[in-house]
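Let's take a walk through this one together, starting at the ligand and then moving on to the helices and a loop. Have the sequence and the 3D view open as you read.

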Amino acid sequence: MALAMLAISSFFLFSAHASSDDFLPCLSRAIPEQLLFTRSSPSFASVLASSVRNPRFLTPATVRPLCIFTATNASHVQAAVVCGRRHGVRLRVRSGGHDYEGLSYRSLRAEEPFAVVDLAGLRSVRVKQRAATAWVDSGATLGELYYAIAKVSGRLAFPAGLCPTVGVGGHLSGGGFGMLLRKHGLATDHVVDATLVDAEGRILDRNGMGRDVFWAIRGGGVGGSFGIVLSWQVKLVPVPPKVAVFTVQRSVEQGAVDILAKWQEVAPALPDDLLVRAVVHGQVASFQSLYLGTCEALLPVMSSHFPVLGVNRTHCNEMTWLESVAYVYLGAHATVEDILNRTAAEDAVFTKATSDYVQQAIAREVWAEIFTGWLAKPDAGLMILEPYGGKIAALPESATPFPHRNGVLYNIQYMNFWEGAGEGASQMAWVRDVYAFMEPHVSKNPRAAYGNYRDLDLGMNVVGDGDTTSYETGRKWGEKYYKGNFKRLAMAKAEIDPEDYFRNEQSIPPLRMCLIERINKYGMEFCRLCRWDDKD
Ligand code: FDA
């Protein structure tokens, strides 16, 4: 009731000139005291740090929020939007805290006060075995989702990322791929409904948000551009009772260069039931695989398609799909309960990453140079190669905002790590330099990148006329992530959040496209906002 009054009395206009001093009193009228942590709260620093994966963005120089609150109810999120708009405070939303640039809890715009809505307390998973669907709250981790599904049925799974601590909210907002990507495509391809708190504080489902916005949040919403997604209904996928996994390592002396050169053609064209990814580090390439079948069935497939890798029975292990999640990401000794551990701080390391897409196999000589010239450097990082093809390539580029489907051989992620604050200059330079070196060998016009591997080096929003982010400036980074879909995303943004309340350094800018409708009875022209189908 109090919230309804708050919503009704709100003008729903973001007021940059309103006093942010009134934001906290407004919020504390709607949210229990124990969920709200202001900068002066003793627990502020620990709550802020609780899911931070990259300590690079937790330094004294990091622009901090006015407060962080741990929502446990949808009404808390609605209240934050209403209070934020009324009192000139923007929101950053955090589900799992894995954003590569920390944009779910930090800002580069010191002049814009903001608060963090932490959704880790909203994390239930409700699985319907018969319908093979689940409703999952954004604050759940992938590990919690996988575990809940497998506890209901050992024959169901969900095709999403490898790392169990990644949050569902950010992951599904940006696409999401993992070991099942060739058989089942992206996580976001399986979203059938969602609930979204929009910039007016309303809760909208698929029908309420409309076709364009529902399209947009399934892969184009990374950065919380369209609102705050509270929960997602996802379609689950079938898996056999046992799957087969292997990891085979090959050093340069053992032929890694030739094997990798071959892998580029083989891996994207293997049967859809089989994924073989490669992690290239130092002078070794590790080939990690998941097969939806037994070892007995896998071995002939490997020896007919990829004999040079030399996979044999001793490499292959059979286990349930849930066990494979723990095995592939956490190692052979991990248990399925380990994927429920949300504590990020324990293994958080300083990181810099960026990504590319490869459309034509890179020449063997180039791989040889990558090993000798780049991976052999003292502060070298690693490269993770995820093969596409299969189901991910079966949908058209415009089916979802994620456009990297047809004609893509594989995704490359360049990553580097270090441990101490104030260090990392040479590791970050390695990522930037190898990215520059790779330019001739990867996709062009645009040089594409994966939105969930966010990199602010690719460009940042500029706030322009009307206090909204500029579409033209945004194209620089936006078309790398979304190609031709960026324009449709910007139009969907104008539909749901025309005043650009939900914005950050790489949020979707609103693009208002008017259609001159007709001459009214006074001889004046009407202007109405286009939908995507009106574009031509
Ligand atoms: P976080 O909470 O930081 O949010 C990320 C972005 O989404 C922020 O801009 C945030 O505001 C926004 N957001 C979060 N919740 C939202 C909500 N409910 N509504 C609207 N906006 C919201 N990717 C992949 O495809 N496959 C993989 O295997 C991996 N593996 C992986 C491992 C590790 C260690 C890291 C750090 C990252 C990955 N990723 C990945 C990338 C990952 O998918 C990406 O960083 C996600 O955005 C993380 O989602 P979180 O909710 O954890 O992040």
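What follows is a tour of the ligand site, some helix packing and one loop.

First, the ground rules. This is a predicted model, so to speak, with local features needing pLDDT of at least 70 and side-chain atom pairs counting only at pLDDT 80 or more, while totals for chains, interfaces and linings use all residues. Residues are numbered from 1 along each chain as its sequence is written, and side-chain values use heavy atoms, with hydrogens and water left out.

Start at the ligand. There are 32 residues around it, and Val93, Ser95, Ser104, Phe177 and Tyr450 come nearest; a residue counts as near if one of its heavy atoms lies within 4 Å of the molecule. Sorted by class, this shell has 16 polar, twelve nonpolar and four charged residues. Here Ala, Val, Leu, Ile, Met, Phe, Trp, Tyr, Cys and Pro count as nonpolar, Asp, Glu, Lys and Arg as charged, and the others, Gly among them, as polar.

Which parts of the fold supply the shell? Strand S3 (90-94), helix H6 (168-174) and strand S10 (228-235) each give at least two residues, and H6 has the largest share, with three. Helices (H or I, at least four residues) and strands (E, at least two) are DSSP runs, numbered from the N terminus.

Now look at the protein backbone around the ligand. A polar backbone atom of glycine 97 is 2.9 Å from a ligand oxygen, and a backbone N or O atom of leucine 162 also lies 2.9 Å from an oxygen of the ligand. At phenylalanine 177, a polar backbone atom is 2.8 Å from a ligand nitrogen. The protein covers 95% of the 960 Å² of accessible area that the ligand has on its own (Shrake-Rupley method, 1.4 Å probe).

Next, the helices. H10 (residues 256-266) and H13 (residues 364-374) pack at about 130° with axes 9 Å apart, and that makes H10 oblique to H13. H13 also meets H14 (residues 425-438), their axes coming within 12 Å and crossing at roughly 160°, so these two are roughly antiparallel. Axes are lines fitted to C-alpha atoms over the stretch in contact, and angles run from 0 to 180 degrees between N-to-C directions; over 145 degrees is roughly antiparallel, under 35 roughly parallel, 65 to 115 roughly perpendicular, and the rest oblique.

Finally, visit the loop between H14 and H15 (471-482), where proline 446 lies. A cis peptide bond, omega about 0°, joins asparagine 445 to proline 446. Aspartate 467 is in the loop between H14 and H15 too, and its phi is near 55°, a positive value in a residue other than glycine.

Note on methods
A polar contact is a pair of N or O atoms within 3.5 Å; within protein, one must be able to donate a hydrogen and the other to accept it, and residues adjacent in sequence count only if both atoms are side-chain atoms.
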